[in-house]
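Subject: Structure for your files

Dear colleague,

Here is the structure I said I would pass on. My notes on it follow below.

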Amino acid sequence: MPSAEVLSWVRTRFMPHIWCPGCGHGIIMHALIRALVALKKERSNTVLASGIGCSSRMAGYINACTLHSTHGRSLAFATGIKLHRPELTVVDVMGDGDCTAIGGNHFIHACRRNIDITAIVMNNNIYGMTGGQASPTTPIGAWASTTPYGAIDPAFDICKLAEGAGASYVARTTIANPRQAETYITNGIKKKGFSVVEVVTHCHTQFGRKNNRRLPIENYNFFKEASVPLAKARTMSPEELAGRIVCGEFVNKDVPEYTEQYRKLVIDNARG
């Protein structure tokens, strides 16, 4: 049973939620709330932004300052909030399509700026809410409503994309390891700079039932069996890593943060 402190972060009046029974988004939401509680964050000073999609409904369920924005544009809204009120804790929750397709340009430039926002990307390899279309992370060969003969587009590696674009903290885990998800989200929020935490999850309704993982437990077991710690992955060949999910902290570096640089180089100079 969640503690009273954890429950205080939930808008219970909106329960039951709209997520399908067995959806992994609830695990991620619980991990995020536990991280916020562990960090002793105040709801009045915590902002949760989201775009459009199943994952983005999370902003409606968390009892903080929340913003449900347009598809793919949540990081633009979050950036505006952080620039105006840099003392706030700003978290952006996104799906794989919301983040890397229509929102891809916002994502890479948020990484490049290194603005102090934590992006939690719930990667279920599909557009779950709008009909099961292939997303930029749909694996080659996987069925989707727009790839009835199997996907042929190479998939994005979200963590490599974030690392290459300049994010100061990048990590990946799966819903089969919720404690690790909590740890990485905690570390991401604590990090001064742009943090990306990819949590691999499932949509058994739109993806799993058409790709031999019909039940939530089948997806959960798949993640457990397919996950490889980063340290072990470094000893494996590309052939051995095929189809595996490498989990760990890929980037944790200290680089200048955007709002501090903006205040120092723009605002203070303009006033001077």
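Over the ring of which residue does the charged end of Arg 213 sit? The ring is that of Phe 222, and the charged end of Arg 213 is 4.0 Å from its centre. Please keep in mind that this is a predicted model. The rest of what I found is grouped by topic.

Aromatic pairs

The structure holds 4 aromatic pairs. Trp 19 and Tyr 61 are both buried.

The loop between helix 1 and helix 2 also contains Pro 16. The peptide bond that joins Met 15 to Pro 16 is cis, with omega at about 5 degrees.

Helix 2 consists of 14 residues and spans 20 Å between its first and last C-alpha, close to the 20 Å expected at 1.5 Å a residue. Helix 2 is mostly covered, with 10 of its 14 residues buried. Among the buried residues are His 25, Met 29, Arg 34 and Val 37.

Helix 12 (residues 258-271) also has 14 residues. From first C-alpha to last, helix 12 reaches 19 Å, close to the expected 20 Å. There is a bend of about 30 degrees in helix 12, at Lys 264.

Positive phi values

Lys 40, which follows helix 2, has a positive phi near 60 degrees and is not a glycine. Lys 40 belongs to the loop between helix 2 and strand 1 (46-50). With a relative accessible area of 72%, Lys 40 is exposed.

Asn 114 is not a glycine either, and has a positive phi of about 60 degrees. Asn 114 is in the loop between helix 6 (104-113) and strand 4 (118-123). Is Asn 114 buried or exposed? Its relative accessibility is 2%, so Asn 114 counts as buried.

Strand 10 and its partners

Strand 10 (residues 245-252) pairs with strand 7 (residues 169-174) in the antiparallel sense, over 4 bridges. Here Arg 172 has Gly 248 of strand 10 as its bridge partner. Strand 10 also pairs with strand 9 (residues 227-229), this time in the parallel sense and over 3 bridges. In that pairing, the bridge partner of Pro 229 is Cys 247 in strand 10.

Cysteines

How many disulfides does a search of the whole structure find? The search finds 0. Cys 247 is buried, at a relative accessible area of 8%.

For Cys 111, the closest cysteine sulfur is in Cys 99, at 7.7 Å, and this too is too far for a bond. Cys 111 is buried as well, with a relative accessible area of 0%.

Regards

Key:
Residues numbered from 1 in each chain as written. Predicted model: local features only at pLDDT ≥ 70, side-chain atom pairs only at ≥ 80, totals over all residues. Heavy atoms only, no water. Helix = DSSP H or I, 4+ residues; strand = E, 2+ residues; numbered from the N terminus. Expected span 1.5 Å × (residues − 1). Bend = angle between axes of the 7 residues up to and from the residue. Disulfide = S-S within 2.5 Å. Buried < 20%, exposed > 50% of the residue type's maximum accessible area, 1.4 Å probe, protein only. Phe/Tyr/Trp six-rings, centres within 6.5 Å; stacked < 30°, edge-to-face > 60°. Lys NZ or Arg CZ within 6 Å of the ring centre and 35° of its normal. Pairing = 2+ DSSP bridges.
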